[in-house]
Amino acid sequence: MVPLWFTLSALCFVGAAVLLYVDSDRRRGLGRRRKSWAKSHGFDYEPESSDIVKRWKRGVMSTVGDVTAKNVVLGQIRGEAVFIFDLEDVATVIALHRKVGTNVVVDVRLKDIKEPRESDVWLLGAIGPRMVYSTNLDAARRACDRRMVTFAHAAPDCAEIMWNEQNWTLVAMPVGSTRAQWDEGLLTVRQFNDLLRVLPPVPQPGQSATVGQGVRRGAAASRPFAPARPAELPAGRADQPPSRADVGRYTQQRPPARNGRQSAHHQR
């Protein structure tokens, strides 16, 4: 009997070693593909970073603890910093810096994704295959016009969660996404960012602090949107060539322009 148990233990050990090797090889392969993809776009690549994930706390970031970003890509799109990175085995995240920050959070996610964990985020309604949540239902309702309805229907399924935080717009995708899906994710985060320009900017000193603050849940907040006729999304402008030396100045929180005008969950 003892030899049998010894043999079974040895087989389990060998099986575990094989699984670890396969997983390690898969991770190295993902890193090579991400590095190659970054080079093809003129972006920079870093194997990991423990700092950038501290910038965000909503969306898929609210479901992970103290993790390190893996396979990090950084560059510029239209003069604004962009990051692409993996969160362990949770998600691949694309983050685009916004020219004008806002205190209003809009979270758009597929219906089969669990609702946000944050206590200050409330349900607004459904747009096609996605649910919309926000910290300010009135401001989010104004942002959900016909273009947003069209976008919600046209956005790829790999963009499972889309949300914004202060000076950032983010998209969460499956961690096993492909190069083609990373390209789709870049286009999706740009389009979503453009649609959120109507959100009220962060109040300047002396302005009323009521703009951008959360509103109480209303009886009509949970009603779904009526279907709207699809409208064509505006074509994106050509990307500006990235420069690693300039990325740092776009990753810091910047005050809004003086004239107050705007420019330009992961648990199943």
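A residue is called buried here when its relative accessible area is under 20%, exposed when that area is over 50%, and partly exposed in between, with a 1.4 Å probe and only protein chains considered. By that criterion, buried residues make up 45% of the 268 residues in the protein. The structure is a predicted model, in which local features need pLDDT of at least 70 and side-chain atom pairs count only at pLDDT 80 or more, while totals for chains, interfaces and linings use all residues. Residues are numbered from 1 along each chain as its sequence is written, and side-chain values use heavy atoms, with hydrogens and water left out.

**Overall architecture**

The protein has 5 helices and 8 strands, where helices (H or I, at least four residues) and strands (E, at least two) are DSSP runs numbered from the N terminus. Read from the N terminus on, the elements follow the order α-β-β-β-β-β-β-β-α-α-β-α-α. The protein exposes about 14100 Å², of which carbon and sulfur atoms supply 55%; these accessible areas come from the Shrake-Rupley method with a 1.4 Å probe.

The 8 strands form an open sheet in the order 1-2-3-4-8-5-7-6, with antiparallel pairing; two strands pair if DSSP finds at least two bridges between them. Strand 1 (44-49) and strand 6 (122-127) are the edge strands, each pairing on one side only, and the twist averages 20 degrees from one strand to the next.

| Strand pair | Bridges |
|---|---|
| Strand 5 and strand 7 | 5 bridges |
| Strand 5 and strand 8 | 3 bridges |
| Strand 4 and strand 8 | 7 bridges |

Arg109, in turn, has Met131 of strand 7 as its bridge partner and stands opposite Ile161 in strand 8. Elsewhere along strand 8, Ala172 stands opposite Val93. Strand 5 is mostly covered, with 5 of its 5 residues buried, and strand 8 is largely enclosed by the rest of the structure because 12 of its 13 residues are buried.

**Helices against the sheet**

Helix 3 (residues 146-154) lies across strand 6, strand 7 and strand 8 (161-173), running at about 75 degrees to strand 6. Helix 4 (residues 179-195) packs on the sheet and touches strands 2, 3, 4, 5 and 8, its direction making about 140 degrees with that of strand 8. For these angles, axes are lines fitted to C-alpha atoms, for helices over the stretch in contact, and angles run from 0 to 180 degrees between N-to-C directions.

**Nonpolar cores**

A nonpolar core is a set of buried Ala, Val, Leu, Ile, Met, Phe, Trp, Tyr and Cys residues joined through side-chain atoms within 4.5 Å. The largest has 39 residues, and those with the most contacts inside it are Phe43, Val82, Val106, Met148, Met162, Leu186 and Phe192. Helix 4 contributes the largest share of this core, 5 residues. A second, separate core of 24 residues includes Trp56, Val64, Ile113 and Leu170. Beyond its neighbours within four places in sequence, Val106 is in contact (heavy atoms within 4.5 Å) with residues including Val132, Ala140, Met162, Phe192 and Leu199.
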